[in-house]
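Dear colleague,

I am passing on the structure below, followed by some notes on what turned up in it. Please read the notes alongside the model.

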Amino acid sequence: MPLSEQEKLALLKINSFSYLRADWANRLLEIFGSAENVLKQDAKTLSEEGKISLETAQKFLKNAAALDAQAEMDKTFKVGGHILFKGEAGYPQSLANIKEPPLALYVRGKLDDGEVPSVGMVGTRKVTPYGRRACAMLAEDLARSGVILVSGLARGVDSIVHTQAVKNGKVTWALVGTGIGRCYPAENRELARAIIDNGGAIISELPFDAPPLAQHFPRRNRLIAGLSRLVVVIEGECKSGALITAKMALEQGLDVLAVPGPIDSPQSNGTNMLIKQGAAMVLDARDIIDAMPLNVKFGLNTKKLYNEETLQSDSFTESESALLNLIGQGSKTIDDLAEESGMAISEIAGILFNLEVSSAVHCSDGKYSRNRF
Amino acid sequence: MLANISSSCIKGIEGFLVSVEVDIAAGLPTFTLVGLPEQEVKEAKDRVLAAIRNSGFDVPLKRITINLVPAEVKKSGTHFDLPIALGILSASDQLGQSAREKLKDIVFIGELGLNGKIHSCAGVLPMLISLKKAGRSKAVIPAGNLQESAFAGAEGFGAKDLKEVVQMLESQERFRAQECAEKEEEAESGLPKEDFCEVKGQALAKRALEIAAAGGHNVLLIGPPGTGKSMLAKRFAGILPPLTKAEALDIMQIYSVCRLLGKGKTVLRRPFRDPHHTISNIALIGGGQIPKPGEVSLAHNGVLFLDEFAEFSRGSLEVLREPLETFKVTISRAKDSFTFPAKFTLIAAMNPCPCGYHGSNVKTCNCTPLQINRYMSKISGPLLDRIDLTVNLNPVNYKDWQQKSEGETSARIRQRVIAAREIQKERFKNSSTTANAFMSVAEIKEFCPLPPGGGEVLELAMKKLGLSARSLDKILKTARTIADLSASRDIKKEHIIEVMQYRPLDRKGVSDI
């Protein structure tokens with residue numbers, strides 16, 4: 001059902017406040033028939049009919065009046081984005097079915113509304129070398145096989161997921177905790193552009209310029225789950241955003257899978273607990289694809305999986321393998337490597353450079369860890 | 001009667017000739033001092049009159065007018081006492097004919113005590129140097145500053161009191177410079193006691209400091225507390241090459257103006273300045289009502305160590321940009337501008353985050369990514385652009401520490417540094433550049449050609465590691481020093497690859513996996 005221009009503006013006004021509690025906003029819409037009608041009511045009527053407190057109703061009306069909905073539209077179009085409204089064609093079906101569907105969805109890029117093989121991949125921002133390897137491996141395999149990766153553009157796991165999709169020229173969706181007019185964290189600005197260029201999308205329910213406030217992030221997690229067919233948790237502590245996403249996925253009736261980790265690693269506490277409680281364990285990308293619903297699984301290319309392909313392509317010289325062995329599972333500084341191998345710093349620097357540009361190792365804060373085994 | 005005595009004054013760190021004109025005329029006794037004297041010069045009146053009286057001469061009870069030429073330049077310093085006193089003696093006919101003849105080609109510098117004693121004063125060395133340039137090499141200076149005349153190559157007479165000066169002037173002998181035994185102290189004696197072999201582990205940081213010493217490059221050490229950042233920095237002075245005569249003279253001129261040149265002391269080692277992070281902008285860069293050199297100039301030809309780099313105020317960090325780029329500081333005033341040399345090696349040390357433990361395996365860091373980002377961004381991009389070598393340090397735990405072998409001694413590292421500097425001396429023999437880090441763009445072009453394969457290395461680094469193109473010049477300069485350390489005539493591919501190790505901050509936050 002196409003909406004009138006006035007109705008769209010009214011919906012944006014309501015959305016600008018109700019992203020914090022979309023359930024009663026939806027209820028108000030049902031009671032009063034249209035968004036325009038909701039805004040015509042006074043606070044007293046809203047609170048009595050809609051069963052919300054008078055204070056909230058007043059705040060709601062004040063907030064809705066303050067938003068310049070036309071400017072929101074203009075700004076979104078100016079950056080090449082568009083806004084999807086609930087109830088209109090193009091609004092993702094899976095999102096309409098969740099408990100608190102957003103009234104409006106700001107999108108930069110392209111968002112499919114049908115049945116697509118989308119997988120939510122979430123995890124901690126403080127990713128360990130192990131988590132980095134596992135995440136990169138799974139994400140790359142899934143992206144190559146044609147799965148749409150859904151994540152949140154945060155640091156750590158989210159960034160790795162999006163990077164892997166973009167690197168392989170595949171579609172990935174980022175549900176951000178800010179308005180789409182902003183980029184948080186700022187260092188992911190280029191990644192965000194690459195996501196859009198590769199046919200993916202940056203998506204948010206928040207007003208165009210909304211800042212990255214703490215309360216935005218748990219709320220957007222329900223959207224990550226909402227746009228996914230299942231959710232994979234890579235690494236996450238017991239109390240983390242990743243576990244909130246897992247919880248919301250379960251509430252929405254999705255499967256949650258988890259990557260097992262070392263039992264003494266705080267970043268794996270949450271995932272190990274999920275497995276203990278019955279989540280399926282992920283050992284490779286095939287486990288994830290197997291768990292996907294049949295209707296979307298069709299057409300995925302499961303032959304091109306990571307291990308088979310990369311194992312042959314990696315060939316190292318003797319000194320390179322020696323250093324890789326020294327690095328092992330954890331991470332090592334160049335000092336450690338110099339001490340243990342007995343080589344000079346200048347020599348090691350050369351070898352590590354070659355390993356790093358061939359993506360065999362990764363350096364963060366002066367510590368080297370392997371990208372794969 | 002009129003008398004005209006030559007003296008000198010400091011502007012910035014350079015001296016200029018000042019004529020002290022004394023006129024004594026009949027009238028009620030007054031004492032007028034003109035020619036833009038500062039407070040301390042005005043106070044000369046009381047010192048001079050007492051000194052004349054207490055040295056056994058008469059103070060004329062007449063109108064005394066003193067003018068300091070050029071009259072439009074502000075004069076500061078206490079060293080005008082001696083020329084004023086002699087001017088009064090000469091103008092009041094208390095000096096003989098031969099003395100008055102001699103006065104003409106001697107320059108007088110000295111502060112008088114009430115008893116007629118001559119005290120040493122600041123800035124004698126730069127004054128003598130510029131006087132010599134102007135062809136006036138005969139000077140009477142305080143005995144305490146006599147060593148400085150030797151450095152300046154001037155004919156200095158070190159006077160203890162006013163009476164001695166008058167005796168010298170009245171004697172029939174010609175003006176004779178006093179011999180001053182130039183102390184040839186062993187340059188090695190100035191080296192710090194701390195040695196690099198006491199620092200265990202941290203091979204990468206040591207290597208970076210060796211490169212820095214060899215080429216004069218700036219270094220940033222990033223690491224949690226207790227990783228030995230300050231320890232390494234303190235030992236850095238011990239591997240620096242010895243001072244050349246010209247460099248020592250430059251340093252001493254600055255020290256002389258700042259009264260840091262002790263009696264008879266020479267500067268034997270490169271200065272190592274480590275100001276506290278609460279330092280004001282002016283104290284760091286120089287300035288004040290009468291501009292004086294700041295810490296950056298006191299570190300000229302030496303090391304400026306800034307511990308807790310991120311704790312310095314934003315303003316004081318930003319003022320560092322000019323000297324790091326041009327190797328000098330220019331302080332401009334409405335009437336005048338002052339230039340101080342400031343060619344130093346910056347060693348900066350900082351924590352990786354507010355709590356200090358980001359990236360540490362000993363203690364967990366409880367800072368949020370935003371806090372860490374904010375902390376690191378206290379060091380602005382333009383400032384980071386001027387730092388050639390950056391090293392992340394990691395703590396050494398006790399077990400490893402016990403096992404780790406003793407490092408190399410400072411003396412051995414220093415030998416390699418000196419050898420590398422010899423190569424550079426040969427390279428820059430026709431230019432004013434002293435080390436690789438100070439090369440001009442033209443010199444980089446001439447001396448740092450990209451080796452075969454070097455272009456590919458840089459391209460890979462830019463594509464895969466996110467290296468920014470603007471750091472290219474710095475990479476080449478540093479690679480030149482690494483090549484010099486390995487006595488290689490040309491920069492090789494591996495030298496460029498090694499430089500990549502010292503540029504962790506150039507890398508993008510998210511690396512390509």
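**Notes on the model**

Just after helix α5 of chain B, B:G135 adopts a positive phi of about 85°; helices (H or I, at least four residues) and strands (E, at least two) are DSSP runs, numbered from the N terminus. The model is predicted, so local features need pLDDT of at least 70 and side-chain atom pairs count only at pLDDT 80 or more, while totals for chains, interfaces and linings use all residues. Residues are numbered from 1 along each chain as its sequence is written, and chains are lettered from A, with ligands numbered from 1, in the order in which they are written.

Helix α5 of chain B (residues 124-133) is largely enclosed by the rest of the structure, because 8 of its 10 residues are buried, a term that requires 20 or more other C-beta atoms within 10 Å of the residue's own, as against 12 or fewer for exposed and in between for partly exposed, with C-beta atoms placed from the backbone. Among the buried residues of this helix are B:P126, B:M127 and B:S130.

In chain A, A:P101 sits in the loop that links α7 (93-96) to β2 (104-109), and it counts as buried, with 22 C-beta neighbours inside 10 Å. Leaving aside residues up to four places away in sequence, A:P101 touches A:A22, A:N26, A:K86, A:L95 and A:A96, where contact means C-beta atoms, placed from the backbone, within 7 Å. From A:P101 to A:G366 there are 265 residues in sequence and 44 Å in space, C-alpha to C-alpha.

With best regards

Technical notes
Contact = placed C-beta atoms within 7 Å.
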